[in-house]
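Subject: Structure handover

Hi,

Here is the structure I promised to pass on to you. Please open it next to this message, and my notes follow below.

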Amino acid sequence: MTALPRLSPDQFRSRFPIFGRRVYVNSCSQGALSTDVEAAMHQHIQSWHELGSPWELWVEQVERLRAAFAASIGASRDEIAVLPSASAGINAIASALDFRGPRSHVVMGEFEFPTMAQVWLAQQRRGATIRWARPAGDRLEIDAYRSLIDERTLIVPATHVCFRNGHRTDIAALTTLAHASGAYVFLDDYQRTGSAALDVRALGVDFMVTGCLKYLLAAAGVAFLYVRRELIDRFEPMITGWFGRVNPFAFRIDELDWSATASRFETGTPPVPNAYAALGALDLLDRIGYDVAGRQVDRLVERYRSAADGAGFVVRTPAEAARRGPLVVVESIDAPALVSRLAARGIVASCRGNGLRVSFHAYNNDADVDAVVSALEAESALLERATARSI
């Protein structure tokens, strides 16, 4: 099959109709809808209309998605489980671990998304001990983990980019530290996957979860679990189902065999409609390239962060490029009200607590940044000021 031509950022942007009506800077909550993803969803509906129940075709689409995602992160397709949510992936691994031995500690930072934290907190009933790496303000340095990770540590769950403040953890350094003590590293990449190039081999992580809701630009209901090949056959999850078997369509009820691939961490019927949408999104992202997307995002993040800082707003996201992702958070005195005011100006953003979240993808441009900055200046009564904070 002949590869489609690469897209420039402007051509990429043209595939997202919302930009004809809104300034969309909310990929940290939900990626914008492209004509490609919409067409893919219609393709599924059409197959349903015309063929009724073409399960062989639908399962083939899920396998195509598995291979496409694996290629996008530098993994093998056998290392990827296709799941309905990141929560399902975290639970699958947590349920397969044994906390009764000498390693029972789970070390994680306070920047985790609630699901990641809550799943591990639930393991305390199975013998897990939770140890918290505490941030210093809006930063969580590797040194915060250093005194906690030792020979009792079983696993270190870690978000790549914090959903509350945009802080980016040095995952490669954390992995080196954890592996030196024999601990696993479980990366949550949900707030970054799709916005830049990602190589799980280079990072050295053992497990990773992410999903298509945000920067992978598809819909809720489909996610991925990466398990490093050498680890797959070590784990048998307590949470399982017929698609975790060697051959689901053998319909055996008298035997529990385990797939030799990461599909052993899958459970029930795959999320077929969402797999169609995700394939449409991954094909589109492949056409612009994750390297191009990453450069565009980095440039826009710096333009916005610098402008917000220069205007005297309290920026909670680190200034160093290596310590931030596609998300920038500015402190508000009433963030929900500010989000509402921005919406009235045609700008779609979001908040967590009193942090206004503005996030960028390859479909954003300088005009989007400038529109947000102008709107914030007009609504500055709802923003914290750096001078006021320092008094």
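Contact here means heavy atoms within 4.5 Å. Please also keep in mind that this is a predicted model.

Let me start with E79, which sits in the loop between α3 (55-73) and β2 (80-83). Its relative accessible area is 0%, so E79 is buried. Which residues is E79 in contact with, leaving aside its neighbours within four places in sequence? They are R201, L225, Y226, V227, R228, R229, I232 and A262.

I73 belongs to helix α3. With 1% relative accessibility, I73 counts as buried too. Not counting residues up to four places away in sequence, I73 touches I80, L198, D199, V200, M208 and Y226. Y226 is also among the residues that E79 contacts.

Next, the helix pairs. The axes of α3 and helix α9 (residues 272-288) come within 9 Å and cross at roughly 40°, and the two helices are therefore oblique to each other. The crossing of α3 with α9 is left-handed. On the α3 side, the residues that meet α9 are W55, L57, W58, Q61, V62, R64, L65, A68 and F69; on the α9 side they are V272, A275, Y276, A278, L279, L282 and D283. By class, this contact of α3 with α9 has 13 nonpolar, 1 polar and 2 charged residues.

For the other pair, helix α10 (residues 290-310) and helix α12 (residues 366-378), the axes come within 10 Å and cross at roughly 20°. That makes α10 and α12 roughly parallel to each other, and their crossing is right-handed. Here R299, L300, R303, Y304 and A307 of α10 meet D366, V369, D370, V372, V373 and L376 of α12. The contact of α10 with α12 divides into 7 nonpolar, no polar and 4 charged residues.

How many disulfides does a search of the whole structure find? The count is 0. For C28, the closest cysteine sulfur is that of C351, at 10 Å, which is too far for a bond because a disulfide needs the sulfur atoms within 2.5 Å. C351 is likewise in no disulfide, with the sulfur of C28 as its nearest. Both positions are buried: C28 has 0% relative accessibility, and C351 has a relative accessible area of 18%.

Finally, two backbone angles to look at. Most residues other than glycine have a negative phi. L217, however, has a positive phi, near 65°. L217 is in the loop between β7 (207-211) and β8 (223-227), and is buried, with a relative accessible area of 2%. F251 has a positive phi as well, near 55°, and lies in the loop between β8 and α9. Is F251 buried or exposed? With a relative accessible area of 55%, F251 is exposed.

Best wishes

Terms used:
Residues are numbered from 1 along each chain as its sequence is written. This is a predicted model: local features need pLDDT of at least 70, side-chain atom pairs count only at pLDDT 80 or more; totals for chains, interfaces and linings use all residues. Side-chain values use heavy atoms; hydrogens and water are left out. Axes are lines fitted to C-alpha atoms, for helices over the stretch in contact, and angles run from 0 to 180 degrees between N-to-C directions. Helices (H or I, at least four residues) and strands (E, at least two) are DSSP runs, numbered from the N terminus. Angles under 35 degrees count as roughly parallel, over 145 as roughly antiparallel, 65 to 115 as roughly perpendicular and the rest as oblique. A crossing is left-handed if the near helix is turned anticlockwise from the far one by less than a right angle, and right-handed if clockwise. Ala, Val, Leu, Ile, Met, Phe, Trp, Tyr, Cys and Pro count as nonpolar, Asp, Glu, Lys and Arg as charged, and the others, Gly among them, as polar. Buried means under 20% relative accessible area, exposed over 50%, partly exposed in between (1.4 Å probe, protein chains only).
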